[in-house]
Amino acid sequence: MFLFGQIDMPIKLVPGHSAGTVLAFYLTSDQPNRDESDFQFLGNVSGQPYILQTSLYADDFDNREEIIYLWFDPTKDFHTYSFLWNLHQIVV
């Protein structure tokens, strides 16, 4: 268990038609009412922008969800995606 920290992940997505494929990474608490931070790359249809979805759960409630249309091509190279958390904030 960690009270604060940062995790960095270098990720390069598969190019082309990847509809139906989801890449997810998440952090979760080990308690009955979970806390969770996650992000997911949703599958892509060729020619469409790649979508990154982030979610935050606190005390087992989905309090925050964001959908981000990436402005760059995540299949061309590795990009670093991070979770940063402490007592005051969570940055995904």
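1. In this predicted model, the lining of the second largest pocket divides by class into 7 nonpolar, 3 polar and 2 charged residues. The pocket holds about 210 Å³ of space, and the residues that line it include Phe-39, Arg-64, Glu-66, Tyr-81 and Val-92.

2. The elements that give two or more residues to the lining of the second largest pocket are S4, strand S5 (61–69) and S6, and of these S4 gives the most, with 4 residues.

3. For the largest pocket, the space comes to about 640 Å³, and its lining is made up of 20 residues, with Phe-2, Thr-28, Ser-29, Asp-35 and Trp-85 lying nearest the centre. Two or more lining residues come from each of strand S2 (23–28), strand S3 (36–42), strand S4 (51–58) and S6, and here too S4 gives the most, with 3 residues. By class, the lining of the largest pocket has 11 nonpolar, 6 polar and 3 charged residues.

4. Turning to the sheet, S6 belongs to an open sheet of 3 strands in the order S1-S6-S7, with antiparallel pairing. Strand S1 (5–11) and strand S7 (90–91) each have a single partner strand and stand at the edges, so one side of each is left without a neighbour in the sheet.

5. The pairing of S1 with strand S6 (residues 79–85) is antiparallel and runs over 7 bridges, with Asp-8 opposite Ser-82 in S6. S6 and S7 also run antiparallel, joined by 2 bridges, and Leu-84 stands opposite Val-91 in S7, while a hairpin of 4 residues connects S6 to S7.

Methods. Residues are numbered from 1 along each chain as its sequence is written. This is a predicted model: local features need pLDDT of at least 70, side-chain atom pairs count only at pLDDT 80 or more; totals for chains, interfaces and linings use all residues. Side-chain values use heavy atoms; hydrogens and water are left out. Two strands pair if DSSP finds at least two bridges between them. On a 1 Å grid over the protein atoms alone, a cavity is a set of points where a 1.4 Å probe fits but cannot get out, and a pocket is an open set with protein on both sides within 12 Å along at least five of seven lines; lining residues have an atom within 4 Å of a point. Grid points are joined across faces, edges and corners, and a volume is the space filled by probe spheres set on the points. Ala, Val, Leu, Ile, Met, Phe, Trp, Tyr, Cys and Pro count as nonpolar, Asp, Glu, Lys and Arg as charged, and the others, Gly among them, as polar.
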